[in-house]
Amino acid sequence: MALLVCKEKCTGCGVCAQTCPFDAIDIVNGTAVIKASCNLCGACIEVCEFEALQMEQIEAPVSDLSTYRGVWIFAEQRGGVLSSVAMELLNEGRKLADRLGVSLSAVLLGHEISAQASILVAHGADRVLFVDDPALKDFNDDAYTAVLADLIRKERPEIVLSGATAIGRSFIPKVAARLGTGLTADCTALDVDPGKRLLLQTRPAWGGNILATILCPSRRPQMATVRHKVFKRADQDERRKGEIERRGLNGISLDLKSQVIRTVEEIENTVNITEADIIVSGGRGVASKENFAVIEDLARALGGAVGASRGAVDAEWISYAHQVGQTGKTVCPKLYIACGISGAVQHLAGMQSSEVIVAVNKDPDAPIFKAATYGIVGDLFEIVPLMTRRLKEMLEGTK
Amino acid sequence: MDYLLTEEQLMIRDLAAQIAREKILPVRAELDEKEEFPWEIVRVMADADLFGLYIPEEYGGMGMNSLENCIAIEQLSRACIAVSVTFAASGLGAYPILIFGNEDQKKKYLPRIAKGQSLAAFGLTEPNAGSDAGGIQTTAVKDGNSYILNGTKQWITNGGEAEIYTIIAMTDKTRGARGASAFILEKGTPGFKFGKKEKKMGIRASATRELIFEDCRIPAENLLSKEGMGFILAMKTLDKTRPGIAAQGVGLAQGAIDEAIAYARTRIQFGKPIISQQAIQHMIADMVTQTEAARALLYAVCKYMDSNPKNISKESAMIKLFATDTAMKVTTDAVQIMGGYGYMRDYPLEKMMRDAKILQIYEGTNQIQRNVIGLELIKEYAGKKEKISV
Amino acid sequence: MNIVVCIKQVPDVSDVRINPETHTLIREGVPSIINPFDMYAIEEGIRLRERFGGKVTVLTMGPPQAEAALRDAVSMGADDAVLLSDRAFAGSDTLATSYTLSMAIRKFGSLDVVICGKQAIDGDTAQVGPEIAENLQWGFAAYVRKIEDIADGSIRLERLMDDGYDILNVRLPAVITVVKEINRPRLPSLKGKMQAKKMAIPVWTAEQIGADPERVGLKGSPTKVWKIFTPEFKRKGERIEGEPRAQVDRLISEIRRLGIV
């Protein structure tokens, strides 16, 4: 498997060498030479206007892959309550299943929570595979891995989607490794090629600087995880019908290597930002921990939550729980107000699906303005308190 | 300019610069504002093995010399000389033990200093004896197997925070300059107290205190070298440590230059950055040239000193004088370039200018340095018979 | 305690720029660093050694220049380093990478803990840690923010969850991935830097670790990158001009009009 250079077509222009994210192309005597560090990502093929670069063909999918049918979603629950991401996955899963002409199933692991199974049907699942056992009541990565992998082996779905949550990140990779199949984490977009029955998995990389579309052509199932709030929730329709199959462990060996001693909840005193409809965020422009009060005041006046860029969190002006971005939380509120945030791609990756984005920044060239619905070039220490004051006046006025 | 430093010297330079950038820079304004001793940074420097640079390996140090020590001080000083003086003054307290200590004394105190476990300090100056060091009045009276100290030392850097002190006291007033002796003293010794912490114009994070001796009894084995060697020990110590002060000057000047040029490039007046104005370019050119000259002389003096010549007083005084006068001029000019922003406490330059002044005063005022150079030249030229002799 | 820390040399992605004409990454001049999350893993490994005794070895799979990352880890205080490097590893996705690392980890003999950073800032998948655990069939915990104790053949730790944390007991040997909250990585020491410079770092190839050629590199990678493109953020982009009071009033009236407030 290799990247091939067609020497006749190559002009040695060097655009490929500049583009290569792995520094794997040298121009030697006027021709491109591929080095050992080539990761076969194909970015150079895109930019070569002489079509001098080519990847050796990808193997055709193994024939027995066609026996894998169906789209599954893993319905995460915590404390007996379904997490919201399950309903978001059902929404997207429905679209994919319809385009492939197959059924949509939800896998629910837990104990004595059949009411949750009905909720999954109401949100679009044609079938719920509910494995009910005391050992599965609380999340355990060994137990959940063993059960889900076993189910997949028996039922052979072609696509399995899960939430990129703490639980998802903990055990879905283990399921993928156990099945020897491919997994793409933190997808921001999903699509299918119904002809080839391929799942097109798009996710950010390089801190959000680029997007990559990934395929898993020769193994099944094709697995992907998706963050909370990337997709919209499916509508609830009690009239929907679906099968609920209740299963036991059936002698699956769980081999538990860990045990939860205690669960500690830490609820922030400001609204959890992933659920918030309004978020006011502060970045490096806020300049200090004390100054964050300006951001908090506006958030309070709007009844919203406080967010922060990675720069502000790294400077220790606010805790990581508030960080929005590629390595923080993904949010999609109705209103996102970015104050003193430059708009680095890795931050945008975490909030770009907000409905309305407002940017306040001193620098007229800050990239955030390209992503904003409304932009104000100005001093946040003037604009933000003014906003807070005007909003309070308005609220007083309506009382 | 590339001074063709060795790989090890470059490692020291890079590590000290990393500490300056990542650990000192973010907190220097707060430390200055609160006059807070930089204990956390002391721990970082200790973990980085910097305190023992000039201490031989057999006593737990890195076995290097003045040039390496000055390279470290220079980099730390680019961020804050209150922190670098805390570091350098520990060396000042340790050098007497290193140069004049007996084996037992070296084994007892140097490892702790090398590991940064204990800071050291040097006590010579008194309320009535600054430049006129010969006028000290602290006494050390022999009593059986001990000495009893009485008196006061003033303006001692690291006073109260250091654990190990080398003190110069009079053992025999009748012998004048030959009547002083040097002693090692530990914090917590009964009769050894500290006065208030001084409020200073600059280097405010550095701790400056009075040392008070009231019938303070110390064992006779804490005497360094012999009775009467006190002033010679002090002078030889200061010869060794003056380049460290010069390194502070070079680093401080560089820090000021970096801030000023960054500002001049982005400050737009009359439609263009002020760095495109000749007046500013000329100022910066002079600042950078003077600083580079100071750096070049510093490294040359260090190398010469590390070759152990008989007498380094003149060269040591020259570099202290030149680098510190340069730092004062450069920081003042840097404030000027930054204009109003240079004067505001929200920006780092005013602190740098306030900090710079002490460099011309402590460890021998620059007037005393000129005396030293003058006297050395008299001696030197007295010995020359021909013109253009090498 | 025998500890292995898996690290990755990555480009400093915060420094990356996009070519405005071709919309591709400009890789030139971007420095290579130790993946920032791995710094916390190295630090935790060293702290465990300080607490419980033993040895810390850093391991990386990469091209020959990844050796610089290993030396940086040694200068912080790691005792030993191994570079896994072979043309056969090129094109590895997370499955192939975790398989390769697992085979190398097996070669170390008796180990207690393998520590990884939570994710690499170029790939951003956070998959290699758990997949290594699966390959080795070891105990596992993701997103560890504190190690409370190691005793009686297990490790008690705090695992970050979405709404708080769990206190978990994991049987040894175990693989853990760590988050930034766990510690503050130390700076290198001078002695460390000197030792790092002198150290001979062995290079292990696919053959030396007994890797199945079907499971490494591109052959062993079920996922393939189909295409790479730069994200586009298209918005209305209206600049609200005027005096601050006017700007604020305009903004508030807009968000009221949209029914948000």
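Reader: How do strand β14 of chain A and strand β14 of chain C pair, parallel or antiparallel?
Author: Antiparallel, over five bridges. This is a predicted model. The strands cover residues 210-215 in chain A and residues 224-229 in chain C.

Reader: What stands opposite Leu211(A) there?
Author: Phe229(C), in β14(C).

Reader: And the whole contact of chain A with chain C? How many residues from each?
Author: Chain A gives 87 residues and chain C gives 79. On the chain A side, 49 are nonpolar, 22 polar and 16 charged.

Reader: Switching to helices. At what angle do α3 and α4 of chain C pack?
Author: About 55°, with the axes 8 Å apart. Helix α3 spans residues 94-107 and helix α4 spans residues 128-136. That angle makes α3(C) oblique to α4(C).

Reader: Is the crossing left-handed or right-handed?
Author: The crossing of α3(C) and α4(C) is right-handed.

Reader: Which residues make that contact?
Author: From α3(C), they include Leu95(C), Tyr99(C), Leu101(C) and Ile105(C). From α4(C), they are Val128(C), Glu131(C), Ile132(C), Asn135(C) and Leu136(C). The contact divides into seven nonpolar residues, five polar and one charged.

Reader: Now chain B. What are its domains?
Author: Domain 1 is 7-119, domain 2 is 121-230 and domain 3 is 232-382.

Reader: How many residues do domains 2 and 3 of chain B put into their contact?
Author: Domain 2 puts in twelve and domain 3 puts in nine. The domain 2 side has eight nonpolar residues, four polar and no charged.

Reader: What separates the centres of those two domains?
Author: 30 Å, taken over C-alpha atoms.

Methods. Residues are numbered from 1 along each chain as its sequence is written. Chains are lettered from A and ligands numbered from 1 in the order in which they are written. This is a predicted model: local features need pLDDT of at least 70, side-chain atom pairs count only at pLDDT 80 or more; totals for chains, interfaces and linings use all residues. Axes are lines fitted to C-alpha atoms, for helices over the stretch in contact, and angles run from 0 to 180 degrees between N-to-C directions. Helices (H or I, at least four residues) and strands (E, at least two) are DSSP runs, numbered from the N terminus. Angles under 35 degrees count as roughly parallel, over 145 as roughly antiparallel, 65 to 115 as roughly perpendicular and the rest as oblique. A crossing is left-handed if the near helix is turned anticlockwise from the far one by less than a right angle, and right-handed if clockwise. Two residues are in contact if their C-beta atoms, placed from the backbone, lie within 7 Å. Ala, Val, Leu, Ile, Met, Phe, Trp, Tyr, Cys and Pro count as nonpolar, Asp, Glu, Lys and Arg as charged, and the others, Gly among them, as polar. Domain bounds come from an automatic or database domain assignment. Two strands pair if DSSP finds at least two bridges between them.
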